[in-house]
Amino acid sequence: MPRLTEAEYDALDEEITRNPPDVDSANARRPVRMVTVDDLCADWLRIKATAEHTTEAAIIGELVRKELQATV
């Protein structure tokens, strides 16, 4: 995974500061995870999630579950 430039880091920091992740107090012990992807992947995830009326996280979860099932 490529390293963030200083400008990218600043933009990400500002975005997270303005829009902090939602934390469910019932699951407060679970860490909030963030994954960075390139622009092509981000666009594909956003388009697919919009088309399926779901979230990017749900699409990633579905892909991971398919990969796990394929290895069994």
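The side chains of Glu 14 and Arg 18 meet in a salt bridge, 2.9 Å from N to O. A salt bridge here is a side-chain nitrogen of Lys or Arg within 4 Å of a carboxyl oxygen of Asp or Glu. This is a predicted model: local features need pLDDT of at least 70, side-chain atom pairs count only at pLDDT 80 or more, and totals for chains, interfaces and linings use all residues. Residues are numbered from 1 along each chain as its sequence is written, and side-chain values use heavy atoms, with hydrogens and water left out.

**Overall make-up**
- The protein chain has three helices and zero strands, in the order α-α-α from the N terminus. Helices (H or I, at least four residues) and strands (E, at least two) are DSSP runs, numbered from the N terminus.
- Buried residues make up 6% of the 72 residues. Buried means under 20% relative accessible area, exposed over 50%, and partly exposed in between (1.4 Å probe, protein chains only).
- The accessible surface of the chain is about 6,800 Å², with 56% belonging to carbon and sulfur atoms. Areas come from the Shrake-Rupley method with a 1.4 Å probe; for residues, only the protein chains shown count as cover.

**Salt bridges**
- The whole structure holds five salt bridges.
- Glu 14 and Arg 18 both lie in helix 1 (residues 6-18), four residues apart, about one turn of the helix.
- Arg 18 also bridges to Glu 15, with the closest N and O atoms 2.8 Å apart. Arg 18 is exposed at 51% relative accessibility, whereas Glu 15 is partly exposed at 37%.
- Glu 52 pairs with Lys 48, the closest N and O atoms being 2.8 Å apart.
- Shared partners join Glu 14, Glu 15 and Arg 18 into one network.

**Helix 2 against helix 3**
- The axes of helix 2 (residues 39-51) and helix 3 come within 8 Å and cross at roughly 100°. Axes are lines fitted to C-alpha atoms, for helices over the stretch in contact, and angles run from 0 to 180 degrees between N-to-C directions.
- That makes the two helices roughly perpendicular, a class that covers 65 to 115 degrees.
- Trp 44, Leu 45, Arg 46, Lys 48 and Ala 49 in helix 2 meet Glu 56, Ile 59, Ile 60 and Leu 63 in helix 3. Contact means heavy atoms within 4.5 Å.

Terms used. Parallel < 35°, antiparallel > 145°, perpendicular 65-115°, else oblique.
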